[in-house]
Each structure stands twice: as structure tokens, then as C-alpha cells.
Amino acid sequence: MKSKLRRYDTLIFFLFISPWIIGFSLFFLVPFGTSVFYAFTDARLPGAAEYNFVGLSNFVDMFNNPIFSKSLTNTAYFVIIGVPVVTAGMLLLAMLLNMNVKGIAIYRTFYYLPTLVPIVATVIIWRLVFNSEFGILNAGLSVLGIGKIDWMGSEGLVKPVIILLQVWISGSGVLIFLAALKNVPKHLYEAVLIDGANKVQSFFRVTLPMISPSILFVVIIQTMYNFQMFTEALLLTKGGPNYAAYTFVYNIYKSAFTDLKFSMAMTQSIFLFALISLVTFVLMKLSKRFVYYEGEK
Amino acid sequence: MTTSNKRIAKQTGKYAILTAALVLFAGPLVWMLSTMMKTKQETYKVPPSILPESLNFEAFHRLFDVQPLMWRWIQNSFTISALVVLGAILSSSIVAYGFSRFTTKYKDRLFPIVLMTLMIPPSILMIPSYVLFTKLHWVDTWLPLIVPAWLGGAYYIFLFRQFFMTIPQELDEATYLDGGNRWTVFTKVIMPLSKPIVVTTVIFAFVNSWLDFLGPFLYIKSNNMFTLSVGLQLLIGQTSQDFPALAAGAFISIVPIGLLFLFAQRYIVEGVVLTGSKG
């Protein structure tokens, strides 16, 4: 009798979570399975009825394409340079906004606003600010005696401009760091102060270790995001100039919608998934040495 | 220097740094506001003036003239966001109830999978999802944008579940003694107590749907079905030299979220920190 009741309750449980089961199967398992399947075929169109199995040749072709290695290098730039710069920027801003002055709440509001601007609007604003002829930035620089800089048209500058844009919209990370900073116990600062530490020393000996779990979290989220950098590069310069902002996901998009090689796009997607998983795993492993969790000996 | 003088100097220094950084962060937004009120000729002036000569809203007229679909896109964006919000609340709360109130081994096995899907990079599913929606004949409809929200988004399930866990089980027991079942507990006990998390979900689902660019950009082909974001992207191509009109378009797309932020700042901040620190 009791087991019958339990079985009935399990059934009710599955009824309650059934929307998620359907959604998970349809929008997660099916696409994932499709990817793995098509990566070994030569299907060209989304609804292709005819295709052949080609083994690993998609993977071979992928590595032999010079554009692929270019996109991989660009993406590596956004991960290896972009992630530390954006994370440091967030931490610096959080520390500014953690200062104890009147009216700080108003400052916080204004720093967070850019994060809520739709990406297309952000790009419009950046085109207005960074416009080499009529933009406010070059006008400001010319007052300092610096000549016109072609921000979006220069292969060397387009990636830094995109990273700067990421700092501009980094409000969510700033909020996470701000909450972490507020949780650092005051008595720790007092303790190192008595030991004769200055501001810089107390930052490295108290602040950084105490907020290290938040740093790890932000670094992982930002790494995953920058591996998938696409929309900003697409809208700002269409991946240019001369492929300078042509990222890995941009390449996936092009393979599918311009070259109409959907199987190649899925091969690249799987490669990206493996790459992100590997890097996240390594970050987690490495972090054990640097991250301090309260309550741990 | 006396101590109080020192303190004043220190305070002034802090404000100076904060204000300098503020110029960098609010500056681009101010430049947008200024540009949208300029005439077209004014924007071609070298060196540019920081403020417009007079307040002039011609750019908005030009924007709606050049792009008669603007109204349509604004309506589309609101309709899609409203349907996403409704679906997120209904489906995620029901699923979260399942994951917070039942004792079955399946619960403990499935919930980690819900959390795992949060960590999967969405762009690796971009192409196969497109293939799926093509086969379902959903491309060039709003269904790819709306239906997933009605089938339990992992993020909102997590938010609801965390909240439900804080509601005492004794309230459930009392309802069972009165002859209630699972569904009565959910609708009569849990949901009436969950207004704060419903508000948070409304805000987050609306913001996320309004900010989404890639979804509508990939799946919607007909101009009259576009959302405002995708429409603006089309506009960048059409009138790349009409800076005031572009600024006006950007401004319109910011207004709904800006207003929401003004009235619901507390919820947004709490939501970001909650999910951030739990991850």
C-alpha cells in the first residue's frame, strides 16, 4: 500500500517537472545529438535529405582552413588578454564603488546603466563615440595634441576597442565583486593594520584571498563568454578589418549561413564545446591552489 | 594640516576619482542623448560641440519616416517579451515546485542536470537549434523565441526553487490535513507567498528577452516580424550617416529597460548577486 502511494507521488513529481523534461529533450538533447551526428556527414542545408557519412574528414578540413586558425587566434586574444583586463576592470570599479562616501548609491546606478543597454544600441553609441571623423573621442584627443585615430578601421585596435566595450557593460560582474567586498570581515583589515601593513599589502593579504571564490566565478563566466564572442564583432565591424575581429563563433555562423556547410558548422561547434570544457576544467583544477573558502582549514 | 582638513582632502579626492570614472561610463550615454537632439548638419561639425545648439527632435520624425516599421518592431518586442515573461513564470514555478517538495531519487538525479545546462555555452547549440527549428517549420515565426520560455528555463527554475526552499514545510502539512493535494499546496500556499520571486522573474525574463539579439537575428527573416533590436541593426545599414536618427533609435530601445531599472533597481541588484554568489 505504502509503495503504491510512493509510486503515485513519483508520477505526480514527473507531471510537475514535465515542462522541463520536454524543453530539455527538445531544445538541448536533440540539438546536441544532431550536432554530433551531422559532424560526421557532408550535409549542407538545415533540412538536407541527402547526405553521406564522411568520417573525420570535416575535422581534417577544419584544421586545414587558414580562416579557422585566424579565428582561433582572435578568440584566444579575447580569452587570454580580454578576460584578465575585463576582470581587473570589474574589480577596480567595485573597489571604487565600495568607498565610503555620501551619495555612492547614485554613482552605482550610473555605472550599472550601460549593462542594461541592448547590444545594438551599445554598438550605435560606440560608433558615434569612436567615429574617426566626427566622434567625441578623437575630438577630445585632438585637444591633447593626438591626431585622428581610426579605431574601427585598424587591425591592431579593433580588438582592444571591443574589450573596452566589454568593460563598459561589465556592471553585473562589478555587482558580484561589490557584494563580495562587503562580506570581507572588517576585523581582518584591523589585524593586518596592527601588523603594520599598508593599503597595498592589505589588498593582497586580505582582500584578494577573501574574494577569491568570486574572482574564480567571474573569470569562468567571462572566459566562457569570450570564447563565444560574436555579436559585438558582428555588429561593430563585421569581423573586420581584414578578419581582425573574426572570432570562432563568427566562423561557425559563416560556415552555416554563408558557405551553407551546416555539417562543418556543427563540427566547429563540437570542437568549441570540447575546448571550453577543457579550459574550464583546467581553471577549476588550478583554482584549488589559489581560491580560499571560508571554513576550510 | 589638521585632521579634519585631511579628512576633507581625502573625501574630495574620492569624489574626484568617482566623478572622473563616471564621465567615462555615463559619457557615451550623454553623447547619445546629445547627438539625437542635434540636426544632421550639426553632427558633421569639426570639432564637434558637446551639447546641441537647441533641443530639436527632428531625428525621431526622420527615424519613423525612413523606417515606417519602427512602431511595428516596438510592438513586436513588447509582445514577445510579454509572452516570454508569462511562460517563464508559469512553467518555471511549476517545475521548481517539483524540484523542491518531492522526495524521490529521481529529483536528486535530475536537478544537477538542470544546473549543468546553465553552464553549457549557448553558441554551440546555435546551429543545431536552427536545424531543429527549420524541421519544425518554426523559422520566421516567433515560436523559437517564445516556446523555450514556456518549457522551464533552467535559470528561473533555480531562482524559484531557491525561494520555495525557504517556505516552511509545516504549511504544506497543514494543507494536507485540511484535505488539500499537491496542486492545492502549490496554488494556495506556495505561490501566494512567492510574490518577491515572481517580481524578480518578471523583471529578469523581460530584460533578457528585450536584450536578446542573436535569437531574433537568426530565426526571423521577414522585416515586419523583427524585434526592435534586429530592426535597429537593419537601420545601421540603411542610414549609417544619419547619426541623430541612429542615436534616437538607440534611445528608444533603452527607454523601457531604463524605466524598469529606475523602479526595480533593488530586485535587479539582488538577482544578479544571488545567482552570482550561488554559482
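Two residues are taken to be in contact if their C-beta atoms, placed from the backbone, lie within 7 Å. The structure is a predicted model, in which local features need pLDDT of at least 70, side-chain atom pairs count only at pLDDT 80 or more, and totals for chains, interfaces and linings use all residues. Residues are numbered from 1 along each chain as its sequence is written, while chains are lettered from A and ligands numbered from 1 in the order in which they are written.

Chain A contains 13 helices and zero strands, where helices (H or I, at least four residues) and strands (E, at least two) are DSSP runs numbered from the N terminus. The C-alpha atoms of chain A occupy a box of roughly 75 × 70 × 35 Å along the principal axes. Of the 297 residues of chain A, 40% are buried. A residue is buried if 20 or more other C-beta atoms lie within 10 Å of its own, exposed if 12 or fewer, and partly exposed in between, with C-beta atoms placed from the backbone. Of the contacts in chain A between residues at least 6 apart in sequence, 68% link residues at least 24 apart.

Contacts also join the two chains. Apart from its neighbours within four places in sequence, A:Ile124 contacts B:Ile236, B:Leu246, B:Ala247, B:Gly249 and B:Ala250. The axes of helix 5 (residues 119–130) of chain A and helix 13 (residues 228–238) of chain B cross at roughly 30 degrees and come within 8 Å. These axes are lines fitted to C-alpha atoms, for helices over the stretch in contact, and angles run from 0 to 180 degrees between N-to-C directions. Helix 5 of chain A and helix 13 of chain B are therefore roughly parallel (angles under 35 degrees count as such). On the side of helix 5 of chain A, the contact involves A:Val120, A:Ala121 and A:Ile124; helix 13 of chain B contributes B:Ser229, B:Leu232, B:Gln233 and B:Ile236.

B:Lys221 is located in the loop between helix 12 (214–219) and helix 13 of chain B. B:Lys221 counts as exposed because it has 10 C-beta neighbours inside 10 Å. From C-alpha to C-alpha, B:Lys221 and B:Ala20 are 44 Å apart in space, and 201 residues separate them in sequence.

How values were computed: Parallel < 35°, antiparallel > 145°, perpendicular 65-115°, else oblique.
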